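Me: Please take a close look at one part of this model, the helix packing and the pocket beside it. Keep it brisk.

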Amino acid sequence: MSLLHLSFYSSFTLSCLGLAFHRTHLISALLCLESMMLSMYIALSIWPTETQTTSITLTPILMLTFSACEAGVGLAMLVASTRTHGSDHLHNLNLLQC
């Protein structure tokens, strides 16, 4: 395994661990999701150059588009929950009360 692969795998794993263990604020969860998407984008961007194929070069662009949509929806949820609940703590958000 090269150093490049190790850095992508470790960044994705650390983002998953951050999402799993630091769930106090919605903004920290969104940042962990964005770092996961960024590591997947970089890995998908470098993968066609390593395999010398051009058939999958559109995949990183599509994933970057979905990542931008996910970020927009996440920020809209952050603003809406802050306006209704007064803070972005995840323990204030309960689906049974909505």
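Reply:
**Helix packing and the pocket**

H1 and H2 cross in a left-handed sense. The model is a predicted one. The axes of this pair come within 8 Å and cross at roughly 160°. An angle over 145 degrees counts as roughly antiparallel, and H1 and H2 are therefore roughly antiparallel to each other.

H1 contributes Leu4, His5, Phe8, Ser11, Phe12, Ser15, Cys16, Gly18 and Leu19. Facing them, H2 contributes Ala29, Cys32, Leu33, Ser35, Met36, Ser39, Met40, Ile42, Ala43, Ile46 and Glu50. By class, the contact of H1 with H2 holds 13 nonpolar, six polar and one charged residue.

Helix H3 spans residues 59–85 and packs against H2 at an angle of about 175°. The axes of H2 and H3 are 10 Å apart. H2 and H3 are therefore roughly antiparallel to each other as well.

On the H2 side of this contact sit Leu26, Ile27, Leu30, Leu33, Glu34, Met37, Met40, Tyr41, Leu44 and Ser45. On the H3 side sit Thr59, Pro60, Met63, Leu64, Ser67, Glu70, Ala71, Gly74, Leu75, Met77, Leu78 and Ser81. The contact of H2 with H3 counts 15 nonpolar, five polar and two charged residues. Leu33 and Met40 of H2 meet H1, and Leu33 and Met40 also meet H3.

Two elements give two or more residues to its lining: helix H1 (3–21) and helix H2 (26–51). H2 supplies the largest share, seven residues. The lining includes Leu4, His5, Phe8, Tyr9 and Phe12. Ser39, Met40, Ala43, Leu44, Ile46, Trp47 and Glu50 line the pocket too. By class, the lining has nine nonpolar residues, two polar and one charged.

The pocket and the helix contacts share residues. Leu4, His5, Phe8 and Phe12 line the pocket and belong to the H1 side of the contact with H2. Ser39, Ala43, Ile46 and Glu50 are lining residues that also meet H1 from H2. Leu44 lines the pocket and takes part in the contact of H2 with H3.

Definitions and conventions:
Residues numbered from 1 in each chain as written. Predicted model: local features only at pLDDT ≥ 70, side-chain atom pairs only at ≥ 80, totals over all residues. Heavy atoms only, no water. 1 Å grid on protein atoms, 1.4 Å probe; cavity = no way out; pocket = protein on both sides within 12 Å on 5 of 7 lines; lining within 4 Å. Helix = DSSP H or I, 4+ residues; strand = E, 2+ residues; numbered from the N terminus. Nonpolar A, V, L, I, M, F, W, Y, C, P; charged D, E, K, R; others polar. Axes fitted to C-alpha atoms, helices over the stretch in contact; angles between N-to-C directions. Parallel < 35°, antiparallel > 145°, perpendicular 65-115°, else oblique. Left-handed = near helix turned anticlockwise from the far one by under 90°. Contact = heavy atoms within 4.5 Å.
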